[in-house]
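Student: I have a structure to study and would like to go through it with you step by step. Could we begin with what the aromatic rings do?

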Amino acid sequence: KKAIRGGVPVVFPQFGQPDKAMPQHGFARVSLWALSAQSETAEEVSAIFSLGDSETTRAMWPHAFHLQYTVTLKKSHINLDLRVKNTDAAAFDFHALLHTYFSIPDVADVFVVGLKG
């Protein structure tokens, strides 16, 4: 399939394609997510999307999980928050990232906050 070259594709559970049974960068970016909640105030608009394991995902990756992706738009910036919950009985390894494609006039004006761990 063609690469996604815009927006903010969600990469999960693999970066690249080490497991050839799975699409490039995993299945999250090409899966149908559910809109779990949305809100709007004078200052911001927010939406929460969720994705859980299914027969389709377990056919490629045999683990139970829940992803929550929150997008908050404000006048001067965007907040993106991706959370991964292991709902399986055993631990598992995974990759998760937001593969952004923003058009930035000057990279010196960009900063990333909130990275932990």
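Tutor: Let us first settle a term: rings of Phe, Tyr and Trp pair if their centres lie within 6.5 Å. Please also keep in mind that this is a predicted model.

Student: Which residues form one aromatic cluster here?
Tutor: A search through the whole structure finds 10 aromatic pairs. With the pairing rule in mind, one aromatic cluster is formed by F12, F27, W61, F65, F92 and F94.

Student: How are the rings of F12 and W61 arranged, stacked or edge-to-face?
Tutor: A pair of aromatic rings is described by the distance of the centres and the angle of the planes. For F12 and W61 the centres are 5.4 Å apart and the planes stand at 80 degrees. Planes over 60 degrees apart count as edge-to-face, so the pair of F12 and W61 is edge-to-face.

Student: How many residues apart in sequence are the parts that the pair of F12 and W61 ties together?
Tutor: F12 lies in the loop between β1 and β2, whereas W61 lies in the loop between α1 (55–60) and β4. Both F12 and W61 are buried. Because of where the two residues lie, their pair ties together parts of the chain whose separation in sequence is 49 residues.

Student: What is the arrangement of the rings of F27 and F65?
Tutor: F27 has a relative accessible area of 1% and is therefore buried, and F65 is buried with a relative accessible area of 1%. Their ring centres are 5.8 Å apart and their planes are at 35 degrees. Planes under 30 degrees apart count as stacked and those over 60 as edge-to-face, with the rest counted as tilted, so the pair of F27 and F65 is tilted.

Student: With which residues is A28 in contact, leaving aside its neighbours within four places in sequence?
Tutor: A28 is among the core residues that touch the most other members. Once its neighbours within four places in sequence are set aside, the residues in contact with A28 are V10, F12, W33, L51 and L67.

Student: Which two residues does a cis peptide bond join?
Tutor: The place to look is the loop between β1 (10–11) and β2 (34–40), where P13 is found. The bond has an omega of about 0 degrees, and the residues joined by this cis peptide bond are F12 and P13.

Student: Is H25 buried or exposed?
Tutor: H25 is found in the loop between β1 and β2, and its phi is near 65 degrees, a positive value in a residue other than glycine. Its relative accessible area is 11%, and a value under 20% counts as buried, so H25 is buried.

Student: In what order do the elements of the chain run from the N terminus on?
Tutor: The chain has one helix and six strands. Followed from the N terminus on, its elements run β-β-β-α-β-β-β.

Definitions and conventions:
Residues are numbered from 1 along each chain as its sequence is written. This is a predicted model: local features need pLDDT of at least 70, side-chain atom pairs count only at pLDDT 80 or more; totals for chains, interfaces and linings use all residues. Side-chain values use heavy atoms; hydrogens and water are left out. A nonpolar core is a set of buried Ala, Val, Leu, Ile, Met, Phe, Trp, Tyr and Cys residues joined through side-chain atoms within 4.5 Å. Buried means under 20% relative accessible area, exposed over 50%, partly exposed in between (1.4 Å probe, protein chains only). Contact means heavy atoms within 4.5 Å. Helices (H or I, at least four residues) and strands (E, at least two) are DSSP runs, numbered from the N terminus. Rings of Phe, Tyr and Trp (its six-membered ring) pair if their centres lie within 6.5 Å; planes under 30 degrees apart count as stacked, over 60 as edge-to-face and the rest as tilted.
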